[in-house]
Amino acid sequence: MLPIDIRADKISEEMIEYTRKLGQGMQNLIDAGTIDTGVTPKDATYTEDKLVLYRYQRPADVAQQPVPLLVIYALVNRPYMADIQENRSTIKGLLETGQDVYLIDWGYPDQADCALTLDDYINGYIDRCVDYIRESHGLDKINILGICQGGVFSLMYSALHPDKVRNLVTMVTPVDFKTPDNLLSAWAQNIDVDLAVDTMGNIPGELLNFTFLSLKPFSLTGQKYVNMVDLLDDPGKVKNFLRMEKWIFDSPDQAGETFREFTKCFYLRNGFVTGTATVGDQTVDLKQISCPMLNIYALQDHLVPPDASKALNGMTSSKDYTELAFPGGHIGIYVSGKAQKEVTPAIGNWLNKRS
Amino acid sequence: MSNQNLFNDNWLKLQQEYWEGLTEMGRKVTGTALPQDNPWEAAMDQWWKAVSPAASDPAKTFMDHLLDQGKTYFSTVERFTRGMPGAAGPDGNVAAGGWDVLSKTFDQMQKAFSGGLGDQDPSINKMLGFWEMPLDNWQRMASSLTPMMPGDLLRNMPHTQVKENFDRMLSAPGLGYSREEQAQYQDLIRSGMEYQQAFQKYMGFFNQLGVKSVDRMRSLVQSRSETGKPIDSARNLYDSWVQCCEDVYAEEVSTPEYARIHGELINAQMALKQRLSVMVDQTLGAMNMPTRSELRTLQNRLQETRRENKHLRHELEAIKRRIANLPGGDTLPRSAPSAPAVKASAAPAAKAAATPAAKKTAARKKTPAKPASS
């Protein structure tokens, strides 16, 4: 039997269909208009340097939980991924479970920020945002949800300020940076991060884009656009695709000193696992975390492999530790329909029982 | 254009017939049997030339990229199915012996990836171009990092042949007043050559992967035949080829060898950029302009000062609170809470940061900011 059994007329049909969609889709592309970033209404409540602390407007018909939730996103991408479109918004899902959601938008660092360190971010910006929320609500402790690198920051913060954190949720957060399937970590071992930061100051977003695309270059720079043609005839899907496209390439520069410290502490020294993680002159001891914890990871995550997140189990003193495995990827955990049905309600329910 | 449907099926068929007829005429006149360019590619090009003037620049850029990927898709399908039974060949005849034809296709692809096939077959070139994507990504990124240094800098320089001469030249010591300047130029050239060497190693690594991906595709089609599940659509064929390339790539870039080559490339680029920065700084300094290294020093000092300032302010507030909690201590004046509250506004953070006076005023406020509607 021949392994390729495609009739000539079938090929012609597929090609005609492809080019027809391409032609029709061009009009939809032209009409797509401005691509918005974030759909849920929010208010800026606190600003410092380039940071803005947003509070999302709560739905009037949902009973509110008394303990607010601070979402700490990574530095390497923009946080509107968590609120990318109406029917795919983690933020909206959390609001619907009664959470009072705050989110830190780190902004776009420029060379004036290259001297910012991990200490400035964690004991500076994050601590002041937490204090602002605590004082606004008259509470000693708040809930924190950390996403990816934001989850690493959340862990460090919670270890250094356990008196301010009531419940901690981490999503796709790397804890063990040297699992065998961690490509980024393998590549980082041979890079002279001191030379890179001393040369460039901030690490450009373009370099990070290149690195992430290099994980799957054929799918992410080629096949994706062939597949895109299939949805070009639907203006709604075109807009959704363009939003995702904008987010993927909207990578802020990384403050140089923070990038240096983070890379050395975690990618080179594997700080949490080896107990050598530091912030400023303080050692980060995850055993200082005793609050309830929910650790969510994605089973097909090629950026943060599941084992990298699951390593958190047993590293803290929490007596109420729960894991949730999501059958999807690093991005799917926020934007897939399945995640909206499974992940955000699970977070909301878990928090509601403990707030 | 007022036409809502920019792409008409009848028009497309007409284009296809036109190009097929023209190509047929050309071959008859010249008496040659050159492989026919993919008529779909030609039709797409013709269509895009007709409609692209109506598109905005961002849309044009986007569509150019989609068209490029479309052409790669068509080329892949055309190449793999050329000469297969049921698929008409360039001369219109249906070829027999499908396995022989497929094997020949794979052999040609491997030869092309090994550098043994010239530009005789455009579809092979398109597939070679597919494997250039990772390199293309690097070149675009490198160009964006250093505008003075295009991403393919020194790519084709015959490094090995000239290395000995360059090494001799670069090791010659400078003398006199220009000693330092000469040393810097030597360092710059040395960095350039090291970058070029690292880039060539990187390219060499990828050249091997193309050959391996063809082997993987060969194995895949063999297994599809044995399990009785042939590839039965153009998209399935293209996706299978992408999957093979992606699988081979994932295996190879996980190796310590790739991590070393990748690290050397990035480090070499950074070293070259650093040498360029040093020379730029020297030129700026000579013109009495601020240099990057001076700014960096100032930034570090300023950030240190800000850090200390915030720390001291935090301690001061804590002390005041403790005093206020003492009996009779509530008569002392209070100042802002430890988290400097800024009146909420929908204005972007950049605007708030640009007005230091506003920040100082906000820090003196006693109550937390009220949320403003966005």
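I looked up the secondary structure of chain B and found 13 helices and 0 strands, where helices (H or I, at least four residues) and strands (E, at least two) are DSSP runs numbered from the N terminus. I worked on a predicted model, in which local features need pLDDT of at least 70 and side-chain atom pairs count only at pLDDT 80 or more, while totals for chains, interfaces and linings use all residues. Residues are numbered from 1 along each chain as its sequence is written, and chains are lettered from A and ligands numbered from 1 in the order in which they are written.

I next checked burial in chain B and noted that 26% of its 374 residues are buried (20 or more other C-beta atoms within 10 Å of a residue's own, with C-beta atoms placed from the backbone).

I then turned to helix H8 (residues 179–226) and helix H10 (residues 256–286) of chain B, which pack at about 155 degrees with their axes 8 Å apart; axes are lines fitted to C-alpha atoms over the stretch in contact, and angles run from 0 to 180 degrees between N-to-C directions. H8(B) and H10(B) are therefore roughly antiparallel, a term for angles over 145 degrees.

Gly33(A), which follows H1(A), has a positive phi near 75 degrees.

How values were computed:
Angles under 35 degrees count as roughly parallel, over 145 as roughly antiparallel, 65 to 115 as roughly perpendicular and the rest as oblique. A residue is buried if 20 or more other C-beta atoms lie within 10 Å of its own, exposed if 12 or fewer, and partly exposed in between; C-beta atoms are placed from the backbone.
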